[in-house]
Amino acid sequence: MQATRLAIPDVILIEPKVFGDARGFFYESFNGKAFDEAVGHHVEFVQDNHSRSSKGVLRGLHYQLPPHAQGKLVRCTRGAVFDVAVDIRKSSPTFGQWVGEELSEENHKQLWIPPGFAHGFLVLSETADFLYKTTNYYAASHERSIIWNDATVGIEWPLERVGVSAPLLSSKDGAGKLLVETEAFERASLGSAD
């Protein structure tokens, strides 16, 4: 497994070693010891989620407030997505900045998004199966959403690749708030175990 810290160093790109031949492929999609070494501390996952979405669907930008903040290890096992993390930790030097990576069934890449980040993805393929592990359980009362096209964040969504000027959104995501209107994190509220 190769782990690469992105422009926001707390977000880590994970690239597993894939063994392939005429029969297909095999790779270790998660190894707790190797993952903890890559992020620099122990991470405990408590929930696995799986979504399927159509081309042009954008899910996000979601996060949960403490004490239900979630870290996420995300991957795409069918199709392709453009995956984004936005730093919403007020005391962070990268507050309001974003990083994005294409995750696909071909490249097998995963992204570690720690607590204190909003997360979202745009489906680039006809359909996409998106799997992710979380460090905390879903808590609807603590869930928040930032609007996908907040100009102050300035995410460069590859909408031209899916041939649309605006993505398909749920009503909840369409009602997301601007970053300046949201309840952001204080770095200290995350705790060292997150």
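**View A. Aromatic pairs.** Eleven aromatic pairs are counted under the rule that ring centres of Phe, Tyr and Trp (its six-membered ring) lie within 6.5 Å, with planes under 30 degrees apart called stacked, over 60 edge-to-face and the rest tilted. F25 and Y27 form a stacked pair, because their ring centres are 5.8 Å apart and their planes stand at 20°. F25 is exposed, with a relative accessible area of 53%, while Y27 is buried at 16%; buried means under 20% relative accessible area, exposed over 50% and partly exposed in between, for a 1.4 Å probe and protein chains only. The model is a predicted one, in which local features need pLDDT of at least 70 and side-chain atom pairs count only at pLDDT 80 or more, whereas totals for chains, interfaces and linings use all residues. Residue numbers start from 1 along each chain as its sequence is written, and side-chain values use heavy atoms, leaving out hydrogens and water.

**View B. The ring of F30 and its partners.** F30 is partly exposed, with a relative accessibility of 32%, and F45 is buried, with 16%. Their rings make an edge-to-face pair, 5.5 Å centre to centre with 85° between the planes. This pair links distant parts of the chain, 15 residues apart: F30 is in the loop between β4 (24-27) and α1, and F45 is in the loop between α1 and β5. Helices (DSSP H or I, at least four residues) and strands (E, at least two) are DSSP runs numbered from the N terminus. One aromatic cluster takes in F30, F35, F45 and W112. The charged end of K133 sits over the ring of F30, 5.1 Å from the ring centre; this term requires NZ of Lys or CZ of Arg to be within 6 Å of the ring centre and within 35 degrees of the ring normal.

**View C. Helix α1 and its two sides.** In α1 (residues 32-39), the buried residues are F35, D36, A38 and V39. These four lie on the same side of α1 because they cover an arc of only 160° around the axis, the arc being taken from the directions from the helix axis to the C-beta atoms. An α-helix has 3.6 residues a turn, so residues three or four places apart point the same way. K33 and E37, on the other side of α1, are exposed. At the N-terminal end, N31 caps α1 with a side-chain oxygen 3.1 Å from the backbone nitrogen of K33. G40 follows α1 and has a positive phi, near 90°.

**View D. S53 in strand β5.** S53 belongs to β5 (residues 47-54) and is buried, with a relative accessible area of 3%. Its side chain joins that of R59 through a polar contact of 2.6 Å. A polar contact is a pair of N or O atoms within 3.5 Å; within protein, one must be able to donate a hydrogen and the other to accept it, and residues adjacent in sequence count only if both atoms are side-chain atoms. Not counting residues up to four places away in sequence, S53 touches R59, F121, V123, E126, T127 and A128, where contact means heavy atoms within 4.5 Å.

**View E. R75 and R78 in strand β7.** Both R75 and R78 are found in β7. A polar contact of 3.2 Å joins the side chains of R75 and Y27. Neighbours within four places in sequence aside, R75 is in contact with residues including Y27, S29, L103, D129 and F130. R78 is partly exposed, with a relative accessible area of 35%. With the sequence neighbours within four places again left aside, R78 contacts R52, E105, T127, A128 and D129. R78 and F130 are 52 residues apart in sequence and 7.4 Å apart in space, C-alpha to C-alpha.

**View F. Nonpolar cores.** The largest nonpolar core has 24 residues, and L61, V86, I88 and W157 have the most contacts inside it. Elements giving two or more residues to this core are β6 (58-64), β8 (80-87), β11 (117-123) and α2 (159-162). The largest share, four residues, comes from β8. A second, separate core has 18 residues, among them V74, C76, L103 and F117. A nonpolar core is a set of buried Ala, Val, Leu, Ile, Met, Phe, Trp, Tyr and Cys residues joined through side-chain atoms within 4.5 Å. Apart from residues up to four places away in sequence, V86 touches L61, G96, Q97, W98, G116, F117, A118, V153 and I155.
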